Amino acid sequence: MTDLVFTVQVEAVNDAPEIKDYSPKLDSVKVVSGTSKVFSILAYDADVMLKRISQILNIKWFVDNEAVGNETNYTFNKTNGNFNLKVILDDGEFNVSRSWN
């Protein structure tokens with residue numbers, strides 16, 4: 001019997017980030033002028049182990065395409081009007097987003 005020896009090379013795969021949960025749940029949210037509303041996401045990336053998620057993922061919040069934050073939550077406190085709020089998670093290769101209006 002002859003022993004066969006071979007080498008296996010395992011390459012890392014970059015998994016896309018995910019928004020596991022978010023608040024508020026509604027797509028269209030009303031905020032009374034003069035008050036504020038906290039919007040939040042639960043960011044997840046299978047490639048992250050012991051580091052804070054915000055150290056690995058690029059998190060950006062936008063109000064009408066203007067950058068306004070970079071954490072897992074954003075406090076909205078604009079005056080009268082209609083606005084589009086969007087958060088984007090980016091790991092350098094893949095991204096995912098969530099929007100409210």
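Q: How many residues in the lining of the largest pocket are nonpolar, polar and charged?
A: Seven are nonpolar, eight are polar and two are charged. Here Ala, Val, Leu, Ile, Met, Phe, Trp, Tyr, Cys and Pro count as nonpolar, Asp, Glu, Lys and Arg as charged, and the others, Gly among them, as polar. This is a predicted model, in which local features need pLDDT of at least 70 and side-chain atom pairs count only at pLDDT 80 or more, while totals for chains, interfaces and linings use all residues. Residues are numbered from 1 along each chain as its sequence is written, and side-chain values use heavy atoms, leaving out hydrogens and water.

Q: What makes a residue part of the lining of a pocket?
A: A lining residue has an atom within 4 Å of a pocket point. The pocket itself is an open set of points on a 1 Å grid over the protein atoms alone, where a 1.4 Å probe fits and protein lies on both sides within 12 Å along at least five of seven lines. In the largest pocket, 17 residues form the lining. V29, V31, F76, G81 and F83 lie nearest its centre.

Q: What is the volume of the largest pocket?
A: The volume is about 300 Å³. That is the space filled by probe spheres set on the grid points, which are joined across faces, edges and corners.

Q: Why is F6 called exposed?
A: Its relative accessibility is 68%. Exposed means over 50% relative accessible area, buried means under 20%, and partly exposed lies in between (1.4 Å probe, protein chains only). So F6 counts as exposed. F6 lies in the segment before β1 (18–23). A strand such as this is a DSSP run of E with at least two residues, numbered from the N terminus.

Q: Which residues make the nonpolar surface patch?
A: F6, V8 and V10 make the patch, which covers about 390 Å². A patch takes residues with over 30% relative accessible area and no salt bridge, and joins nonpolar side chains (Val, Leu, Ile, Met, Phe, Trp, Tyr) within 5 Å. Accessible areas come from the Shrake-Rupley method with a 1.4 Å probe.

Q: What makes the pair of K20 and E18 a salt bridge?
A: A salt bridge needs a side-chain nitrogen of Lys or Arg within 4 Å of a carboxyl oxygen of Asp or Glu. The closest N and O atoms of K20 and E18 are 3.4 Å apart, so the pair counts. K20 is partly exposed at 47%. E18 is also partly exposed, at 33%.

Q: How many salt bridges does a search of the whole structure find?
A: The search finds three. One of them joins K25 and D21, with the closest N and O atoms 2.1 Å apart. D21 is found in strand β1. Its relative accessible area is 34%, so D21 is partly exposed.

Q: What is the distance between the closest N and O atoms of D27 and R98?
A: These atoms are 2.8 Å apart, in a salt bridge. The pair links distant parts of the chain: D27 is in the loop between β1 and β2 (37–44), R98 is in strand β7 (residues 95–100), and 71 residues separate them.

Q: Is R98 buried or exposed?
A: R98 has 13% relative accessibility, so R98 counts as buried.

Q: What makes the peptide bond from S23 to P24 cis?
A: Its omega is near 0 degrees. P24 lies in the loop between β1 and β2. Most peptide bonds are trans.

Q: What is the phi of D64?
A: Phi is near 50 degrees, a positive value in a residue other than glycine. Most residues other than glycine have a negative phi. D64 sits in the loop between β3 (58–63) and β4. At 40%, D64 is partly exposed.

Q: Where does N65 lie?
A: N65 lies in the loop between β3 and β4. Its phi is positive, about 70 degrees, although N65 is not a glycine. Its relative accessible area is 74%, so N65 is exposed.

Q: Why does G69 count as partly exposed?
A: G69 has 23% relative accessibility, so G69 counts as partly exposed. Its place is in strand β4 (residues 66–69). The C-alpha atoms of G69 and N58 are separated by 11 Å, and the two residues are 11 apart along the chain.

Definitions and conventions
Patch = residues over 30% accessible without salt bridge, like charges linked within 9 Å, V, L, I, M, F, W, Y side chains within 5 Å. Helix = DSSP H or I, 4+ residues; strand = E, 2+ residues; numbered from the N terminus.
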